[in-house]
Every structure is written in structure tokens, then in C-alpha cells.
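I opened a new structure today and wanted to get my bearings. Here is what I looked up, in the order I went.

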Amino acid sequence: MARLNPDNLAHAEELIALYPHRRSALIPILHVLQEQDGYLSEDGMAHVAELVGLEPVEVRGTASFYDMFHFEPVGRYLVAVCTNIACMLQGAYRLLEHAEETLGVAPGGTTADGMFTLEDAECLALCGNAPCVTVNWRFFGDLDPPEFDKLVEDLRSGRLDGEVPAHGTLSRVRRRHALTAGGSAGSASDQAALPNAIQPESDTPESQGPDLPAPGTHLDLSTRRSTTATAVVDAKHLESPK
Ligand code: FES
């Protein structure tokens, strides 16, 4: 696979329509391409360049800035073991060595069956559940070696197919709403129809920003990246400035 398939091409055009300039949709479309193929091929990037009106070298130059994009094929599951400070103190290097033994590859390597690519990652932002790994951007925390093996077994058997799609992508790639901060895109009626849109600022005291949820409201922040992230609105953050 190289160019975007018809479904993803249609999706790319939807993403482009969310922005005032075609090139602004570059990063989300690259995520769609990576979801399709598992990595960014030269042909795929050339296709994206055509779509957004850039040169292929500009697409590659932009994509190569970001760790999350891959330019070589990766396994069905990208297993990233965090070895940053919090995880290191909780045994991350022992976990990484164990992962190398279990999968039979060093960081950067892909198993012979194409199922797993192993990575040694910097902080994955799940420090409170160290040591942790992500698999296709889904979090798995508080892992010890036996639990890592169980995770690998569940992935191999397909038991986690519903939770960890192959070549997983991020929820924002699938969003259908434009951002309207500062009124740069979308009409007033568009904004009214988009409950999550950031509304333009106004000088009138009665419209000082979007409505905030009530203190104590339980927000579901789960995304396709994190299946467990939630938060409770802290009343302190909602107090009016004195
Ligand atoms: S140090 Fe491992 S998630 Fe932050």
C-alpha cells in the first residue's frame, strides 16, 4: 500500500475542509496514512504532498520532526517501554531487558513474524503508573515481567483486538469538528453547533469564554490513545479570579 486508499482519501478531504489552508491538515493526514500502512512510505508522502499543496520534501521534513511517525515498516504492534526517570526507578530497565528476551529483538527491532516492534521510549506521561508501556499509543501501567508476557500473549491471541487496533492511531485524527478559536474558521452558527469548539473572545462580561463544567463534574477524557483517562473537575480551578 502506498497512496491513500479511497476511504482514507475521502477522510483526508474531510480533514482538509476543517482548516482555512490545505497544508494545515498535513499532520492529521499523515496520521491517517500511518494508520493505513503502519509507516510513512515515500509514495504515500508524495500523495499527501499533492493533496495539501506541498512538495514531498516539505512533507518529509515536517514529518521527520516528530517521533510518532515512522519511515520504515513497523510491526502490527508498536511496544514502547518507558525508561525515563519515574519508570527507571520502578524497574523499567529490568522490564525492557525482559521485553527484549520475550520478543527476541532489541529496541528498534521487529519480530520475524511482523507482530511487534520494540521501542525504548522517553516519558510517556503515565509516571503515576510506572513502569509503563504503550502499545499503539494505548497505555499499560504498573507492569512487571509476568504482566508484560501476559500482555504480549493477549495481543498475539487477538484478545485485545477491540482495545488495541493494528497500527493504532489517535482519536484526534478521527475528529470531525473544526477549531474556531478567534473566529478564524466557521460561522457563528457553525460554532453554536459545535459544543466542544473554543469560542472567540468577547469584551462583554457575560461572555468571557466557553461555559465551564460544574465543580465536581466527572469528565470522560478517554480517547483512542488512552482507554482509561478520566478527570474530576477541581473546584479550585473554577473559582472566579478575585
Ligand atoms: S517516566 Fe515513565 S511515564 Fe513518565
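Entry one, the overview. I noted before anything else that this is a predicted model. I looked up the secondary structure and found eight helices and six strands in the protein chain. Reading along the sequence, I wrote down the order α-α-α-α-β-α-α-β-β-β-α-α-β-β.

Entry two, burial and contacts. The protein chain has 242 residues, and 26% of them are buried. I then took the contacts with a separation of 6 or more: 55% of them join residues 24 or more positions apart.

How do the axes of H1 and H2 cross? I found that helix H1 (residues 6-17) and helix H2 (residues 26-37) have axes that come within 9 Å and cross at roughly 165°. An angle over 145° counts as roughly antiparallel, so H1 is roughly antiparallel to H2. The crossing is right-handed. On the H1 side, Asn8, His11, Ala12 and Leu15 make the contact, and on the H2 side Pro28, Ile29, Val32 and Gln36 do. I sorted these residues by class and got five nonpolar, three polar and no charged.

Is H2 mostly covered or mostly uncovered? Mostly covered, I found, with 10 of its 12 residues buried. Among them are Leu26, Leu30, His31, Leu33 and Asp37. The cover includes H1, helix H3 (42-52) and helix H4 (56-63). I also checked the length of H2: at 1.5 Å a residue its 12 residues should span 16 Å, and the end C-alpha atoms are 17 Å apart, which agrees. Just after H2, I noticed Gly38 with a positive phi of about 90°.

How values were computed. Residues are numbered from 1 along each chain as its sequence is written. This is a predicted model: local features need pLDDT of at least 70, side-chain atom pairs count only at pLDDT 80 or more; totals for chains, interfaces and linings use all residues. Helices (H or I, at least four residues) and strands (E, at least two) are DSSP runs, numbered from the N terminus. A residue is buried if 20 or more other C-beta atoms lie within 10 Å of its own, exposed if 12 or fewer, and partly exposed in between; C-beta atoms are placed from the backbone. Two residues are in contact if their C-beta atoms, placed from the backbone, lie within 7 Å. Axes are lines fitted to C-alpha atoms, for helices over the stretch in contact, and angles run from 0 to 180 degrees between N-to-C directions. Angles under 35 degrees count as roughly parallel, over 145 as roughly antiparallel, 65 to 115 as roughly perpendicular and the rest as oblique. A crossing is left-handed if the near helix is turned anticlockwise from the far one by less than a right angle, and right-handed if clockwise. Ala, Val, Leu, Ile, Met, Phe, Trp, Tyr, Cys and Pro count as nonpolar, Asp, Glu, Lys and Arg as charged, and the others, Gly among them, as polar. The expected span of a helix is 1.5 Å times one less than its number of residues.
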